[in-house]
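The following briefing is meant to be read beside the sequence and the model.

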Amino acid sequence: MTDTEAADAVGETIRTARLDLLPLRVEHADAMAGVLADPALYTFTGGSPPALGQLRTRYARLAAGAPDGGTVWGNWVLRVRADGGLCGYVQVTIREGVAEVAWVVGTPWQGRGLAGEAARALVARLRRLPLRAVVAHVHPGHHASAAVAASAGLERTDLVHDDEAVWRLDLTAPAPPAAS
């Protein structure tokens, strides 16, 4: 798979039952600043809510793509189709056949299954690519995020990276049969 093929695959809108995962644009920063404004959102990840200017700068960098030729970034904001508002984001970094995924849903939208829905859709998209694995790093105390990882088909491993549990989905094994 070339970087261009991967970039094309991760640059498309993804639709779920309730969400549109829209490729990130700088213009999303205004709405996302509000989504990401609750300090409680950073309990497990560290950091603090970004200022609007910081978010615009970050989004410009992310939308431009990874500076490393062997890396592909995919970033989507989550738009709730029912009201058209943004509620969070998902992202992927693809390097050497491994896709590292992450998700964030703003505090007011948590507990509705939106993060799981978005993560499952992202992993389904990644299954279309010739990748070896999908991984996520989840703080061991973040039970909601662990549930999202499990719902997307990832399994907790014994590995720890930066004090976070590594969750993994091996894509070299055949996919399990669909439930009937």
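Glu164 is found in strand S8, which covers residues 164-170; helices (H or I, at least four residues) and strands (E, at least two) are DSSP runs, numbered from the N terminus. Glu164 is buried and yet has no salt bridge, the nearest side chain of opposite charge being that of Arg156, 11 Å away. This is a predicted model, in which local features need pLDDT of at least 70 and side-chain atom pairs count only at pLDDT 80 or more, while totals for chains, interfaces and linings use all residues. Residues are numbered from 1 along each chain as its sequence is written, and side-chain values use heavy atoms, with hydrogens and water left out.

- Buried means under 20% relative accessible area, exposed over 50%, and partly exposed in between, with a 1.4 Å probe and protein chains only.
- A salt bridge is a side-chain nitrogen of Lys or Arg within 4 Å of a carboxyl oxygen of Asp or Glu; Lys and Arg count as positive and Asp and Glu as negative, whereas His and the chain ends are not counted.
- If residues up to four places away in sequence are not counted, Glu164 touches Phe44, His137, Val138, His139, Pro140 and Leu159, where contact means heavy atoms within 4.5 Å.

**Overall fold**

- The chain holds five helices and eight strands, and along the sequence these follow the pattern α-β-β-α-α-β-β-β-α-β-α-β-β.
- The radius of gyration of the chain is 16 Å, close to the 16 Å that the globule rule gives for 180 residues, so the chain is as compact as a globular protein of that length; the radius is taken over C-alpha atoms, and the rule is 2.2 Å times the number of residues to the power 0.38.
- Taken along the principal axes, the C-alpha atoms fill a box of roughly 40 × 35 × 35 Å.
- Buried residues make up 42% of the 180 residues in the chain, and among contacts between residues at least 6 apart in sequence, 61% join residues at least 24 apart.
- The accessible surface comes to about 9,600 Å², of which 53% belongs to carbon and sulfur atoms; accessible areas come from the Shrake-Rupley method with a 1.4 Å probe, and for residues only the protein chains shown count as cover.

**Charge pairs**

- Side chains of opposite charge can pair when their charged atoms come close.
- A search of the whole structure finds eight salt bridges, among them one between the side chains of Arg128 and Glu12, at 3.9 Å from N to O.
- Arg128 lies in the loop between helix H4 (114-126) and strand S6 (133-138), and Glu12 in the loop between helix H1 (3-10) and strand S1 (14-15), so this pair ties together parts that are 116 residues apart in sequence.
- Arg128 counts as exposed at 55% relative accessibility, whereas Glu12, at 33%, counts as partly exposed.
- Asp20 forms a salt bridge with Arg81, the closest N and O atoms being 2.8 Å apart; Asp20 lies in strand S2 (residues 19-23) and Arg81 in the loop between strand S3 (71-80) and strand S4 (86-95), so the pair ties together parts that are 61 residues apart in sequence.
- At 5% relative accessibility Asp20 counts as buried, while Arg81 counts as partly exposed at 37%.
- The side chains of Arg56 and Asp30 meet in a salt bridge at 2.7 Å, N to O; Arg56 lies in helix H3 (residues 52-64) and Asp30 in helix H2 (residues 29-35), so the pair ties together parts that are 26 residues apart in sequence.
- Salt bridges that share partners join Arg15, Asp20, Arg79 and Arg81 into one network.

**Local details in loops**

- Glu96, placed in the loop between S4 and strand S5 (98-105), has a phi near 55°, a positive value in a residue other than glycine, and is exposed, with a relative accessible area of 67%.
- Asp162, which lies in the loop between strand S7 (155-161) and S8, has a phi near 50°, a positive value in a residue other than glycine, and is exposed at 63% relative accessible area.
- Pro50, found in the loop between H2 and H3, counts as buried at 11% relative accessibility and, leaving aside its neighbours within four places in sequence, is in contact with Leu36, Tyr42, Leu55 and Arg58.
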